[in-house]
Amino acid sequence: MKKVFLIGDGISSTYTVIHNLNTRDLLTIVRENSGEYARVEVAVDYTDANKIDIDMGDIIDSGSYS
């Protein structure tokens with residue numbers, strides 16, 4: 001199963017994503033939403049079976065990544 005979430009709000013560098021898949025067995029990839037759609041290295045914390053925290057390291061613009 002694949003789920004895609006837009007992240008970025010121009011204020012925060014860490015985002016909580018609620019995926020509701022009831023598992024920590026996930027592959028998390030973050031990409032740019034423009035340009036070359038490059039993969040971005042981020043820190044991911046698999047908080048529980050239904051959510052993850054993504055630390056981008058810097059404040060990012062609204063909807064810049066998915």
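Helices (H or I, at least four residues) and strands (E, at least two) are DSSP runs, numbered from the N terminus. Before you click around: this is a predicted model, where local features need pLDDT of at least 70 and side-chain atom pairs count only at pLDDT 80 or more, while totals for chains, interfaces and linings use all residues. Residues are numbered from 1 along each chain as its sequence is written, and side-chain values use heavy atoms, with hydrogens and water left out.

Start with the whole protein in cartoon view. You'll find five strands and zero helices, so the pattern along the sequence reads β-β-β-β-β.

Next, select residues 43-48, which is strand S4, and residues 51-55, which is S5. These two run antiparallel and are joined by four bridges (strands pair if DSSP finds at least two bridges between them). Two residues sit between S4 and S5 in this hairpin. Now pick Ala-43: opposite it, in S5, stands Asp-55. While you're here, remember that side chains in a regular strand alternate between the two faces of the sheet.

Zoom back out and show the C-alpha trace. Along its principal axes it spans about 30 × 25 × 15 Å.

Last stop, colour by burial. Buried residues (under 20% relative accessible area, 1.4 Å probe, protein chains only) make up 17% of the 66.

Notes
Buried < 20%, exposed > 50% of the residue type's maximum accessible area, 1.4 Å probe, protein only.
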